[in-house]
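Work through the two exercises below with the structure in view, and try each task before you read its solution.

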2 protein chains.
Amino acid sequence: MARVVVQYKTPKDTAAFDRHYFEKHVPLAKKIPGLRKYEVNKGPIMTPQGPSGLHLIAILHFDDIAALQKGMGSPEGQAAGADVPTFATGGADVLILDTREV
Amino acid sequence: MARVVVQYKTPKDTAAFDRHYFEKHVPLAKKIPGLRKYEVNKGPIMTPQGPSGLHLIAILHFDDIAALQKGMGSPEGQAAGADVPTFATGGADVLILDTREV
C-alpha cells in the first residue's frame, strides 16, 4: 500500500496540459515497473471552502515502499519524472507515502 | 471512487497530535455514513527532495461524490470536521475529488 501522490497546480493552459498529460505522460507512467493502479481525478478538485487551485491529482499505487522506490528509480520511472517539468507549467508537488487502513 | 484527502502539516506536538488523532478523531470519522475505507500513512511522508512538512495524510473513500457529500454533511461528518481544529495545530488542507483509473 505505497503511494505516489502528484498534485498539479492549475497550469497556464489547461487544454494543452490535459493533451500532454493524457496522450504522453500517462502512457509513459504506465510503463513504470510495479505500478498496480493509477488514479486521477475526474472533475474539479474542491475544498470545503471552494476551488482548490489544483488542476490534477494522480495517485500511483505500488505494493510497498520497496516496489515504489524500485519502480520510480527505474529507467521508466526516471523518464516519467523527467517528463513532468515539460508540461506542469503551474508546478507540481510529489508526495511519497506508505499507507495502512484504520 | 470519491475521496476526501486531508493533509495535516507537522503539528507543534506530534505525540499529542497522534494521541488525539488515533484515540478520538479516527473513531469519530469512522462513524461517517458511506465511508468505505479509511487510509492513513505509516511512516514519514516524503518528497523526492526529502521531508515533506506533512505529518499525516488521511484518505477517506466513498462510492461517489453524492455519497461523499451526504456523509460529510451528516451530523457524524460535521462532528468529525469540527474536531479537526482542536488538534491540527500545524493546519490542515482538505481536498475533495472524484477519481477514475487510467
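**Exercise 1: two helices**

Helix 2 of chain B and helix 3 of chain B are roughly perpendicular to each other, a term for angles of 65 to 115 degrees, whereas under 35 is roughly parallel, over 145 roughly antiparallel and the rest oblique. This is a predicted model, in which local features need pLDDT of at least 70 and side-chain atom pairs count only at pLDDT 80 or more, while totals for chains, interfaces and linings use all residues. Residues are numbered from 1 along each chain as its sequence is written, chains are lettered from A in the order in which they are written, and side-chain values use heavy atoms, without hydrogens and water.

Task: find the angle at which the axes of helix 2 and helix 3 of chain B cross, and the residues that make the contact.

Solution. Begin with the axes, lines fitted to C-alpha atoms over the stretch in contact, with angles from 0 to 180 degrees between N-to-C directions: those of helix 2 (residues 65-73) and helix 3 of chain B come within 4 Å and cross at roughly 70°. Next, the contact (heavy atoms within 4.5 Å) is made by B:G71, B:M72 and B:G73 of helix 2 and B:P75, B:G77 and B:Q78 of helix 3.

**Exercise 2: an aromatic pair**

Task: classify the ring pair of A:Y8 and A:F17.

Solution. Rings of Phe, Tyr and Trp (its six-membered ring) pair if their centres lie within 6.5 Å, and planes under 30 degrees apart count as stacked, over 60 as edge-to-face and the rest as tilted. By this rule there are 14 aromatic pairs over all chains. The centres of A:Y8 and A:F17 are 5.3 Å apart and their planes stand at 75°, so the pair is edge-to-face.
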